[in-house]
Amino acid sequence: MITVTSTARTSTTGERADLLESLAKHRYFLRYTVRDLTDEQAAQRTTASELCLGGLVKHVSDVERVWADFIVRGTDAVRGGPADGTGTGNHEKEFTLRDDETLADVLDRYAKVAHRTDEIVASLPDLDISHPLPKAPWFEPGSRWSARRVLLHIIGETAQHAGHADIIREALDGSKSMG
């Protein structure tokens, strides 16, 4: 188990700084896509899928939280959660903004998850620390992921879903993140 310290963040340089900068950029685009929306707009489905903007932010936040936990705690952190796809199967709760949730609350939770992930990355003794992946059809048996590989995965997930969010936002009101 890795202990997370908050003092290590001030000295992030090199590869860690590059990874965190890339992740911050994609987080920004996701957050920027939901700018100036009401809770009703953030909960609105604008495509044939179940996805809405508030739900995408929730999903990305949950996935980042679980994978950051994986860096610290290993396989048990991922098993049964949104990051391994073996959870409850109730995607409605994960991909929608429920009546008892607000976009501001979801964004606040995402900011806290992002801060924790950044703290973990800054305080790791080594980005090569690895843990075995849980057994799942999409993971090669016996595979391990390093902290570096997990961060690259989080960056990819965030970028992919920021693109999804941009499409949903454009269908909602014509706004785009870029262009």
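## A glycine after the last helix

Just after α7, G174 adopts a positive phi of about 85 degrees. Helix α7 covers residues 147-173; helices here are DSSP runs of H or I with at least four residues, strands are runs of E with at least two, and both are numbered from the N terminus. The 27 residues of α7 should span 39 Å at 1.5 Å a residue, and the 38 Å between its end C-alpha atoms agrees with that. The expected span is 1.5 Å times one less than the number of residues in the helix.

## About the model

This is a predicted model, in which local features need pLDDT of at least 70 and side-chain atom pairs count only at pLDDT 80 or more, while totals for chains, interfaces and linings use all residues. Residues are numbered from 1 along each chain as its sequence is written, and side-chain values use heavy atoms, with hydrogens and water left out.

## The overall chain

Seven helices and two strands make up the elements of the chain. Read from the N terminus, their order is α-α-α-α-α-α-β-β-α.

Of the 179 residues in the chain, 48% are buried, where buried means under 20% relative accessible area, exposed means over 50% and partly exposed lies in between (1.4 Å probe, protein chains only). Among contacts (heavy atoms within 4.5 Å) with a separation of 6 or more, 76% are between residues 24 or more positions apart.

## Helix α1 and its buried face

Helix α1 takes in residues 14-33, and its 20 residues should span 28 Å at 1.5 Å a residue; the end C-alpha atoms are 29 Å apart, in agreement. Its buried residues are R16, L19, L20, L23, H26, R27, L30 and T33. Looking down the axis of α1, these fall within an arc of 145 degrees, so they line one face of the helix; the arc is taken from the directions from the helix axis to the C-beta atoms. On the other side of α1, D18 and E21 are exposed.

What lies over the buried residues? The cover includes α3 (53-73), α6 (103-123) and α7 (147-173). H26 is a handy residue to look at: it belongs to α1 and is buried, with a relative accessible area of 18%. Setting aside neighbours within four places in sequence, H26 is in contact with I155, T158, A159 and A162.

## How α1 meets α6

The axes of α1 and α6 come within 10 Å and cross at roughly 175 degrees. These axes are lines fitted to C-alpha atoms, for helices over the stretch in contact, with angles from 0 to 180 degrees between N-to-C directions. The two helices are therefore roughly antiparallel (over 145 degrees; under 35 is roughly parallel, 65 to 115 roughly perpendicular and the rest oblique).

From α1, R16, L20, L23, R27, L30 and R31 meet L107, Y110, A111, A114, T117, D118, V121, A122 and S123 of α6. By class, this contact has nine nonpolar, two polar and four charged residues. Ala, Val, Leu, Ile, Met, Phe, Trp, Tyr, Cys and Pro count as nonpolar, Asp, Glu, Lys and Arg as charged, and the others, Gly among them, as polar.

A114 sits in α6 and is buried, with a relative accessible area of 9%. Not counting residues up to four places away in sequence, A114 touches R27 and E64. Its C-alpha atom is separated by 8.0 Å from that of R65, 49 residues apart along the chain.

## An exposed loop residue

D36 is found in the loop between α1 and α2 (39-43). Most residues other than glycine have a negative phi. In D36, which is not a glycine, phi is positive, near 60 degrees. D36 is exposed, with a relative accessible area of 74%.
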